[in-house]
Structures are given as C-alpha cells and as structure tokens.
Amino acid sequence: MPLARSLSVTSLSGLEEWDEEFDLEDAVLFEIAWEVANKVGGIYTVLQTKARLTAEEWGENYFLVGPYVESNVRTQVELIEPTNPALKRTIDKMNSSGCKVYFGRWLIEGSPYVILIDVAFTAWSLDSWKSELWDLCDIGVPWFDREANDAVLFGFLTAWLLGEVTQSEQPSHIVAHFHEWLAGLGLVLCRHRQLSIATIFTTHATLLGRYLCAGNVDFYNKLAEFNVDKEAGDRQIYHRYCLERAAAHCAHVFTTVSQITAIEAEFLLKRKPDIVTPNGLNVKKFSAVHEFQNLHAQSKNRIQEFVRGHFYGHLDFNLDKCLFLFIAGRYEFSNKGADIFLEALARLNYLLRVNHSDVTVIAFFIMPARTNNFNVETLKGQAVRKQLWDTAQTVKERFGKKLYESLLVGQLPDVSKIMDKEDFTLMKRAIFATQRQCQPPVCTHNMLEDSNDPILTSVRRIGLFNSSADRVKIIFHPEFLSSTSPLLPMDYEEFVRGCHLGVFPSYYEPWGYTPAECTVMGIPSISTNLSGFGCFMEEHIADPSAYGIYILDRRYRGVDESCNQLTSFLFQFCKQSRRQRIIQRNRTERLSDLLDWKYLGRYYISARHMALAKAFPDTYTYELQEPTSTSGFRYPRPASVPPSPSLSRHSSPHHSEAEDNDEEERYDEDLEAEKDRVNIRQPYTLDKCNIGLL
C-alpha cells in the first residue's frame, strides 16, 4: 500500500489536502500514555486536542490506553462495553486473571475510546515484574520510587493487553504509539516478546535534560560533553533514564516534539529522531473578524475587577493605562524562566519610573505551589470591592428615584438636595473601609514554605512590594485558575484572553504550549530560542516580533544579556499605543492556522505510516524526504504599519493615542490581512534553531 504525502502549504487561509492512498480498514491504532484522561502536564493537552483529528482518521479503530484514576473517570469518562469483539475478549480475560481493565469513551472532542488499567489493583505483581525486568534488561527499580513503580506496572499491563490483542482470531496491523518514559516500558516488552506491532515512541522532554537544566549548567553548549550515565546516576534517576533510553532505541520510529529536543535526544538518548512531531491545538475561528478582540475586552474587565479589590486603598494608578503580563506553567523556577522575568521586571520598573511613564504593569505568576489556602488580606480586598459596589448601587437607586420624581412634576432637580445625609454617611463609611495600613500582598495564598520559596525570595531581593511608587506590581497566584475560585473566578483561557502579553523566557522548554495558546487567542507572547515553540516560529516567520512573537536569545547570550533583552522587549511593549496593540493582536491571531492540528497533525500521520512501513515492509511502503523538517507556512515581514515604536519608519510613523481617531490612518483589518496573505513566500527550511553540534 503506497503512502503518498505532499507537505506544501502556500496560503494563510487554506491548506492543501494530502493525496491520501492509505487504507486503514485492517489497521488499529493504540495510543498509550500516563496522561490519558489524567491531567498531569502538557501531554494531556496534546492527547486531548489531537483526539478529534485522530478519531476522524481512524474511526472505530482508535484506542487510547491510560491509567484508571477514579476521580478523573467520574468526570471525564463514560464507561461502556467494548464494541470490538477481540478487544472485549481481551479485557474479559485480563479481568478474570486478576486485573481491572475498564473501557469507555473519553468525553472530549472526538469522543475517542479509552482503555483504562487500574495499576494499583495489580500491585501484587510488582516484585515479580521488577525481577523479570532485571533479568531481561538489567534495569533495577528502587522500591522507594513510586512513579517508577507505577511505570513498571503500567508497562507490563500494557504489554499484556497488546499481546492478547495480537493473538486474536483476526489479527490486524497494529500501531502502538507510546508517549514518554512512564509508558515506554510497554514498548520495550512488546519488542522483546516479538509482538507483531509497529511501535512509535515520542519523548516530549528528556528526563536528563530537565534535571540538568534545573542544575544551573550550560546545557546546550555542552551537550556533547556530558557523561550521561554518570549524570543520571548522580541525580538518582538512572533507572528512569534507562527505561526512557531503552524505549527510544527499541521503537520502530522515534519522534520528538521540536527540532531542539531532537538534537538534545541525539546526545542524551543516543538516537537521532526519525521525525519531528510538533504539538498543535484545535483552532476555532470566529464568524466575526474582531470577535476575539471583544472577548479580550470582556476578560480584561474581569481581571480589572480583581485588581480593584487586590489594590484597594492603593489604587492610585489608572486601570485604563494598565498592562497585564503573565507567566504560567509548572513551578520550575529556572527552567521556566521565572528568575530572569523577575529580574527584568525590576529593571523595567526603573525604566518606567525614570521616564515618568503613566503605564502601570501588573505581572501575574500562575504557578502551583504548596499553600495553606487563601491569604486573608487578599480575600478581604475582594470583599471590600464588593461592598463598595453594593454601596454605589444603593446610592444610585436612591438618586435615580428622586431624580425621576422631580422630573415627573416638571422641575429640574437640585443636585445639592437630591442626596441626603444618609447617602453621604453610606459613602463615607465605604471610603473609610478602603483604608489599609499595609501594602497590597504579593502572594494571594499562605505559602507553606514562604521563607524558602524561590519567587518570594527573589521579590524580596529586587524589592518589588507593590508600593505606590512602583510602576510594576507583582501578583503571585500559586494555584491553577478556576472559574469556581472565590478570588479570581476565571478559567485559564478566559484569563489569557484578558491579558496583554504572555512572558515565557524558558531555559528548558521542549515545546511550549503556553505561548502557543496565547498565539491562538491573539495574545502576543515572549518565548526563547531554546524552546521548541520559539524555534518553530523563527523557522516559519521572517520577522516574529512584527506578529507579536518575541524570541529571546538564551542560547548565545549570558544571563545578564538575555535579561537586558527581555527588559527591552517589555519596555518597548509598554510604549505601544492602544491602536498598535490592537494591530499586533490581529496579526498574532492570524498565525493560528500554523498551530492548528489540521496542519501539524500530518507529522503524526507520517510517523504512524513510517512505523507501519518498517514493521510490515511486505505490505506498506513509505518515503520521507526530510524526516526532521517542519516545513510549511512561511510568513514574511508584514508590509503594513509596524506595531512597535522602535520599528517605526518614515513611511509608518509612531502612532500616539490621539492618532487612534485619525481618519487618514484608519486601520482596516481586512486590508491588512490581505496584504500579509499576498506577501507569503513559498515554504523553505531555515535552520536557525540548529545548535551547530551536528
């Protein structure tokens, strides 16, 4: 069965259809990951968003395999009887042999089938399976590593499941796609038992890479110099590293999520990836061109309400001149770049003060940490804000009633008499309630390890305590956002839409879903040339900053130089007019096609077809010209007005707030979008991301 694919995309608005000649009737896809219906990190988002596209391709022959977690199943999975006879016999046989295997539909877009294995129920087999793992692979797993123990149980149960499926009466061509080291042992066992399965292993971030980067080493410049066995042993993750490396070498097809991770994997896992499979999102287009701008305004208003309460008594800045910046994700202080973001905020505060800027920056840190519930002062702020609002509504109703009665009798009201002493008393009491003797809190929660917390320690060092004199304020929210929160009742997506800029100056970021989500929602972001997302954008966009994608250089510069560059990005962003920010958001949103699974899903399709061709060469053939290339869109520098004052030219002068209503320079979104579409170049490969070690 020949597999033909065309990887060309030549327009912003449409993607060329691939010439499909591949028959999937006799093929079955199993996708195995610890984060199937079990949110732990970014892999959950990959699987959840990609499910619809994969289900459309494979139909009833697509199954996700993951761990059974009762609390997640209650809210995310509809348990049903298996529709596939062979699979039903397999599950029944495993259940009768001392396992607990569940089958259902994951209640997400695409509604894919899921097979969930209760690893805890089979814990009685752990010692014997560990012994078997030692005999087969010389990999010993220590008893105290619970996560590795789960990986052993999950791996043996997954291999058991796939082995039973291959022995069914009507064996199909099976593709098993394993994600990350937690699922990798199942792949190793499948190959050792010589099961007739095409296998794929995807590493979303190497274990050793994550640990090394957190250890303050010059990681990317010394990739070729690391003694990987010693480094893994020193960090007590040698057994995990061995599981990951074994899976990478045993797979028919090995993939990573970005070119920079591919280079990392070649040096740390000692195998060059066969193909790069970038992570995408399901992009929803609005019927109205500016609908996402309206959503930005609505969400911004909700954030402003929170800010009014948080800074009560010290609300001496103009909220209309206030910019909301944020960083979010796993609490890895150095890897995620929170360290240089805080340092850059301190320098930005100095620049805004010495330049007498009327702009106020509020930087949100959304990173989960160990807490002991909400800060009382923070909750009090929201209560005071609500009290002020209720007082204002009460006085307004009384004022309106008296005004109405005065107009009914044909008299103009005497404003000095229309409000009585009781109204003034109410308002005075409300004003007195806004007085506070302390500064607005930096952290919204009570931290369990306040004195040792990296973010709070840095805040104390740089001295940003939300004082009136500071133009930069900091709010540390050590908990993921939720619409049911009594403090900031917003989902993450709503919050992102309401912010002006996402800042993700990561040192170690194999892909980077947070800046990708910003882009899809039309929110500019700062990324780095050490993140998969940043490299991907540099490859596809001639001038990323013109489209609201700022790429920070953390590869060829020292920490202080990178911090200065980040400060420059932030300061230039603060100098933009409202009109310029609107133009930039429109351009950013137009990049969403580039991150859509409809485009990026083809790399996963290629990986699966390549695996089938390697595992079943008599049945399938496949050729891939550039296995590690992510060619496609190629965005030029926009021909229209530059969004940043620093980029202003004679033909497109700097725009002030007063020019927003200038009829001669009125912004036409359709015209600007058409200019960008006309100027798109043919796709070509640009290896800006290559580190130069190959």
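This is a predicted model: local features need pLDDT of at least 70, side-chain atom pairs count only at pLDDT 80 or more; totals for chains, interfaces and linings use all residues.
Let me begin with Asp-138, which lies in the loop between α4 (126–137) and α5. Its phi is near 60 degrees, a positive value in a residue other than glycine. Is Asp-138 buried or exposed? Its relative accessibility is 57%, so Asp-138 counts as exposed.

Ala-37 is found in the loop between β2 and α1 (42–58). Ala-37 is not a glycine, yet it has a positive phi of about 50 degrees. Ala-37 is buried, because its relative accessible area is 3%, and the cut-off for buried is under 20%.

Let me now turn to the chain as a whole. The chain holds 23 helices and 19 strands. It has 694 residues, of which 57% count as buried. Among contacts with a separation of 6 or more, 75% come from residues 24 or more positions apart.

I shall take the sheet that contains β2 next. This open sheet is formed by 9 strands in the order β4-β5-β6-β3-β2-β7-β8-β9-β10, and its pairing is mixed. At the edges are β4 (77–79) and β10 (275–276), each of which pairs on one side only.

How is β2 placed between its partners? β2 runs parallel to β7 (residues 173–179), and 6 bridges join the two. Within that pairing, Val-28 has Ile-174 in β7 as its bridge partner. β2 also runs parallel to β3, with 4 bridges between them. There, Phe-30 stands opposite Phe-63 in β3.

How many of the residues of β2 are buried? The count is 6 of 6. Both faces are covered, with Ala-27, Leu-29 and Glu-31 buried on one side, and Val-28, Phe-30 and Ile-32 buried on the other. For those who work with side chains, please note that Glu-31 is among these buried residues.

Further along this sheet, β8 (residues 197–203) and β9 (residues 253–256) pair in the parallel sense over 4 bridges. In this pair, Ile-200 has Val-253 in β9 as its bridge partner. Helix α6 (residues 180–192) packs on the sheet and touches β2, β7 and β8, with its direction at about 155 degrees to that of β8. Helix α9 (residues 238–250) lies across β8 and β9, and runs at about 135 degrees to β8.

I come now to helix α3. Helix α3 covers residues 85–96, which is 12 residues, and reaches 16 Å from its first C-alpha to its last, close to the 16 Å expected at 1.5 Å a residue. Which residues of α3 are buried? They are Ala-86, Leu-87, Thr-90, Ile-91 and Met-94. These residues cover an arc of only 130 degrees around the axis, and therefore lie on the same side of α3. In general, an α-helix has 3.6 residues a turn, so residues three or four places apart point the same way. On the other side of α3, Pro-85 and Ser-96 are exposed.

What covers the buried residues of α3? The cover includes β2 (27–32), β3 (62–67), β5 (101–106), β6 (113–117) and α5 (146–166). At the start of α3, a side-chain oxygen of Asn-84 comes to within 3.0 Å of the backbone nitrogen of Ala-86. Just after α3, Gly-98 has a positive phi of about 100 degrees.

The other sheet I wish to show is open and has 6 strands, in the order β15-β12-β11-β16-β17-β18, with parallel pairing. β15 (472–477) and β18 (549–552) are at the edges with a single partner strand each, so one side of each has no neighbour in the sheet. On average, neighbouring strands here are turned by 25 degrees against each other, direction ignored. Strands β16 (residues 501–503) and β17 (residues 525–528) run parallel and are joined by 2 bridges. Here Val-503 has Ile-526 in β17 as its bridge partner. Helix α20 (residues 559–574) lies across β11 (322–328), β12 (360–366), β16, β17 and β18, at about 160 degrees to β18.

Ser-592 counts as buried, because its relative accessibility is 0%. Apart from its neighbours within four places in sequence, Ser-592 is in contact with Val-283, Lys-285 and Val-520.

Terms used: Residues are numbered from 1 along each chain as its sequence is written. Side-chain values use heavy atoms; hydrogens and water are left out. The expected span of a helix is 1.5 Å times one less than its number of residues. Buried means under 20% relative accessible area, exposed over 50%, partly exposed in between (1.4 Å probe, protein chains only). The arc is that of the directions from the helix axis to the C-beta atoms. Contact means heavy atoms within 4.5 Å. A polar contact is a pair of N or O atoms within 3.5 Å; within protein, one must be able to donate a hydrogen and the other to accept it, and residues adjacent in sequence count only if both atoms are side-chain atoms. Two strands pair if DSSP finds at least two bridges between them. Axes are lines fitted to C-alpha atoms, for helices over the stretch in contact, and angles run from 0 to 180 degrees between N-to-C directions.
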